[in-house]
Amino acid sequence: MERYVCIHGHFYQPPRENAWLEQIEIQDSAYPYHDWNERISAECYTPNAESRILDSEGYITHIVNNYSRMSFNYGPTVLSWMERNVPTTYDAILRADRSSMERFAGHGSALAQAYNHMIMPLATRRDKETQVRWGIADFQLRFGRMPEGMWLPETAVDTETLEVLAEHDIRFTILAPRQAARVRPIGSSDWINVDGEAVDTTTPYVQNLPSGRSIAIFFYDGPIAKAVAFEGILSSGESFAGRLLGACRDTESPQLIHIAVDGETFGHHHRFGDMALAYALHHIEGSGTARITNYGEYLAMHPPLHEVEVLENSSWSCVHGVERWRSDCGCNSGGHPGWNQAWRGPLRDALDWLRDTTASLYAQETPRYGVDPWQTRDDYIDLVQDRSLDNVRAFLLRHTNRELRDNERITLLKLLELQRHAMLMYTSCGWFFDEISGIETVQVMQYAGRVAQLAQELSSDSFEGQFLERLAEAKSNLPEHGDGRHIYERFVQPAIVDLSTVAAHFAVSSVFESYDEDTKIFCYPVTAEDFRTSEMGRARLALGKMWLSSEITTESRLFTFGVLYFGEHNLNAGIRLYRDEQSYLEMVDELTPVFEAADFTEVIRSIDRHFGTSTYSLKSLFKDEQRKVMNYILEGTLSEIEQVFRQLYEHNYPPMRFLTEMGNPLPKAFKDAAEFILNTDLRRALTAEEIDVARIENLVSNARIWCSELDAEGHGYLLQQTLARMMRQLFENPDDEELLDRMTSAVDLAVSLPFPLDLGQVQTLYYRILPTERKERKERAERGDEAAVNWLERFDTLGCHLKVRTF
């Protein structure tokens, strides 16, 4: 019997980058992580690259890369983020694809994805083609090969989308079982209706297309995928494997048991789901009952014997087809009874208007530079992947019929950026959830805001105003948010950036931190041509001029600035375009002596005279820097508050203890003081260079006594970081026996604390020492080396605490 198993993970996060800064700003809802990409990477993407397999006693026997034995796709936008922010995990994913090619007869397990998760049946033909071309180009850059398969966002499909895939040499895609309409044996004229998930999912199918092309389609096993995603089957890797193998039929025909689920299921949605996946794959391989494969290999071994026709405009996450992304169809997260999603239609209508109107502008303007508008857009992914000036020049030389002047180059790049954001604003998550004011929908509005801004710069029409009129038709479920227009004005307009805004950020932040002469503010290189500072007590004056440019559009301007900071949150700054050297020096000569005379009122007047209405404050800082500066400003105040609380807590400790022993509740003032001090002291103790076990235990014990609410998630995160830092030191210096003992004590403490903790990073580093340092020490110990015997005893004790099998 030929039995095969394939597990596909669709790993994806919507693009979260600020549309103007090209980086993700802090997201408080992801605490204790900086943002949701960082959190999900720690909970899912990295664990799947180094997943632990346990024996019957709960000890780690193997650490494996799940990606090398499963089928997977990663969204290009999240891979771009990972390349910059978690390069070790990113490299592990690329290595896994190369490894899978060796394992699966030259067929890599990675699939491409339509670029930014646009619902393809709702897209124009032109957008479909660009999404596929960009997805393929990004895949080729990263994985170094042509993809065999492509994942369709939300598996949303129509015939035209399949035509585009086939036209670009994509051999197969994966759909949900309810997306098959009818099937027939190849060569037969009799169709069999298979709607209602009646399709046989154990075999591939071919869809013949109107153009004469064809594409293979795999329909995954719906019940098992549902059990994995929603029914808790990942609580046991053995049960997971058993469910997969139990689906095999008693037949001599080849059969493929396969599922497709969100990749985040394995770790983010279900904690330690990566370990259930690792064990299931390991168990199936070891049982000999079935063989692990991927789609490319299986398709090569067993080409389709049946033809299929897909259900037009269908998807895996909306039983109404693709209505979840354009109407109030009833599909939602289920967490808000009484809410509606009637806002989805007006939101899409507003974006469609903006797309079509700006597409006309794009098609009208680009031929002036001798370029083919849509071919150039399709190729623009080359610049998205590499913004270097050399690559910009090479790209423009390939696509224009002449050397462009600076202003022409900037205009053409703005036109292309307009088109990029006009696609990003259709990222599917903008419609998926329940409320228009959610962060995912605000994100797509932000991309629309960038489109409107660029269109306004490129023409004399007011695109934003007309867009907002349409957006006002999208009504929020929350009275305080009103409608889409109000949400846009509240959350998007304050985020809109131009060169002067970035210049203001640099000027204001320069009062609080030092910059090199050449630096970068997100995607904006800055060169400080002149920078002068003066201080008087807490007050500071910064004056200067700087060149500021955009890596995206290559636009560049020379600005002058003056900033007065006179303590706490009080700051006044002025920015303007550089006029001439005389005007600049006059400003410097006027403000400097007035500041030195401590006449701050006159300094403000002088800033107003020289910079007019172009004045800024701390509110002009971008989110992360704003948070950093405010922490700096409040440091003294928080220190004073801590002193008051500490005095209250320590002075009243005896009567507080007496009250609790008597069974009486603590007065709120005492309880608040204890909670503040215990959390503060724990944060410091958990991040100290050396872990003071007794002190941390005492702090936690006191928290139990006072029934204090500890920041468990935050403390667990800090402890994980500290343990990982210590383990990296041990990995680099395995002979440090004192560090080895401290590490053992710290791990022993960690597992006893009431904080959520994942020791994965620490266990992985320990595991990597086993075949090198431990093996060498063991050989020496067997020859009678007492130092090696002593080291082995200590090292194995740490392994016991980490639950890693060392023999």
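**Cavities and an antiparallel sheet**

The largest cavity has a volume of about 50 Å³, a cavity being a set of points on a 1 Å grid over the protein atoms alone where a 1.4 Å probe fits but cannot get out. Grid points are joined across faces, edges and corners, and the volume is the space filled by probe spheres set on the points. The model is predicted, and local features need pLDDT of at least 70, side-chain atom pairs pLDDT 80 or more, while totals for chains, interfaces and linings use all residues. Residues are numbered from 1 along each chain as its sequence is written, and side-chain values use heavy atoms, without hydrogens and water.

The count comes to 4 cavities of 30 Å³ or more. Residues lining the largest cavity (an atom within 4 Å of a point) include Tyr74, Leu111, Asp138 and Phe143. Helix 4 (125-143) gives the most to this lining, with 4 residues. Helices (H or I, at least four residues) and strands (E, at least two) are DSSP runs, numbered from the N terminus.

An open sheet is formed by 6 strands in the order 15-16-17-18-19-20, with antiparallel pairing (pairing requires at least two DSSP bridges between two strands). Strand 15 (518-521) and strand 20 (615-616) each have a single partner strand and stand at the edges, so one side of each is left without a neighbour in the sheet. Strand 19 (residues 571-577) pairs with strand 20 in the antiparallel sense over 2 bridges, and Ala573 stands opposite Tyr616 in strand 20.

Technical notes. 1 Å grid on protein atoms, 1.4 Å probe; cavity = no way out; pocket = protein on both sides within 12 Å on 5 of 7 lines; lining within 4 Å.
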